[in-house]
Amino acid sequence: PLPPNVEFALRDWERVHGKITLFATGALIEHNDADRLDLDLGNIEHLREAAEPVVRLSGTLAFVPGQTDAIGRVYGNGRGVRFDYDAPPAANLVRIGPLTFSAADGGLDLVTASTLERIAKLEGEGDEASWRIGEERLAKGDLDLAEVLAFLKARVVDDLPTEDTLRLRAAAGDALYADVKAGVAVVLVSSPELADTLVEIAATEGWVEERLGPKAILVRAGAEERVRETLSSLGLSRET
């Protein structure tokens, strides 16, 4: 059953604009050659036993209401690619670069194509077409980060690499950062307990920048000599 708000919107639109027909079953046919699609639709109409006619949606797209046995007879023997929208989405995107994808050999289903229009920029056309996901599209907020990740993980052949997950999180405004600090010194100690002690005692106050790990301490820039003196006074110095 339709949600009440959807049913209300449809009925209101019908009241203002005219008749709306909802089909419980049917199939979409997309063909890159409009003339060949005309020929195929004529053959399908000849084989069908249905009251509702085929609906031409565009030059390359048509909807066939009701049972689709006739379509199978026209497009049998390996002609065309079938997308089952009742089944889980098929992996039909190939990663060709960082957050950049092209269509797999079978092409894209309508859900994948329409979603890519919302989150990615089309680059090239025809067989050279690709889609690049960037900050400018994600900033529009059509889909949140979790939805974009779920979409890609379900459709990318051989799965989405972790590197692209990080790029997506950064592009979507997630609070991620990584700074490169040049000319710094690191104190490596023999045990986590010793590191705990060094960052807490008064003798080291002023030169500890931050704890890097269980046994590593980052030294503030320019404090290297003070560190050496402090460690020597504590009997801990071991120059390397």
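Colleague: Which residues are buried in helix α4?

Modeller: In α4, the helix of residues 110–119, the buried ones are T112, T115, L116 and I119, where buried means under 20% relative accessible area, exposed means over 50% and partly exposed lies in between, with a 1.4 Å probe and protein chains only. Because these four cover an arc of only 105 degrees around the axis, they sit on the same side of α4; the arc is that of the directions from the helix axis to the C-beta atoms. Helices (H or I, at least four residues) and strands (E, at least two) are DSSP runs, numbered from the N terminus.

Before going on, this is a predicted model, in which local features need pLDDT of at least 70 and side-chain atom pairs count only at pLDDT 80 or more, while totals for chains, interfaces and linings use all residues. Residues are numbered from 1 along each chain as its sequence is written, and side-chain values use heavy atoms, with hydrogens and water left out.

Colleague: What do the buried residues of α4 pack against?

Modeller: Their partners are the strands β4 (93–97), β6 (120–123) and β7 (130–133), together with the helices α5 (135–138) and α6, and contact here means heavy atoms within 4.5 Å.

Colleague: And how do the axes of α4 and α6 cross?

Modeller: They cross at roughly 140 degrees and come within 12 Å, the axes being lines fitted to C-alpha atoms, for helices over the stretch in contact, with angles running from 0 to 180 degrees between N-to-C directions. The two helices are therefore oblique to each other, given that angles under 35 degrees count as roughly parallel, over 145 as roughly antiparallel, 65 to 115 as roughly perpendicular and the rest as oblique.

Colleague: Which residues of α4 and α6 meet?

Modeller: From α4 there are V111, T112, T115, L116 and I119, and from α6 there are V148, F151 and R155. By class, the residues of this contact are five nonpolar, two polar and one charged; Ala, Val, Leu, Ile, Met, Phe, Trp, Tyr, Cys and Pro count as nonpolar, Asp, Glu, Lys and Arg as charged, and the others, Gly among them, as polar.

Colleague: At what angle do α6 and α7 cross?

Modeller: Helix α6 (residues 145–155) and helix α7 (residues 162–171) cross at roughly 155 degrees, with axes that come within 10 Å. That makes α6 roughly antiparallel to α7. On the α6 side L145, V148, L149, L152 and K153 take part, and they meet T165, L168 and R169 of α7. The residues of that contact divide into five nonpolar, one polar and two charged.

Colleague: Which residues are buried in α7?

Modeller: Those are D164, T165, L168 and A171. Seen down the axis, they fall within an arc of 130 degrees, so they line one face of α7. What covers them includes β4, β5 (100–103), β7, α5 and α6.

Colleague: Changing topic, where does L37 lie?

Modeller: L37 belongs to helix α2 (residues 34–47), and at 0% relative accessibility it counts as buried. Leaving aside neighbours within four places in sequence, L37 is in contact with I29, H31, R56, G59, T60, L61 and Y75. The C-alpha atoms of L37 and G59 are separated by 8.3 Å, although these residues are 22 apart along the chain.

Colleague: Last one: what does S191 touch?

Modeller: Not counting residues up to four places away in sequence, S191 touches P214 and K215. S191 lies in the loop between β8 (185–188) and α8 (192–198), and P214 is 23 residues away in sequence and 7.5 Å away in space, C-alpha to C-alpha.
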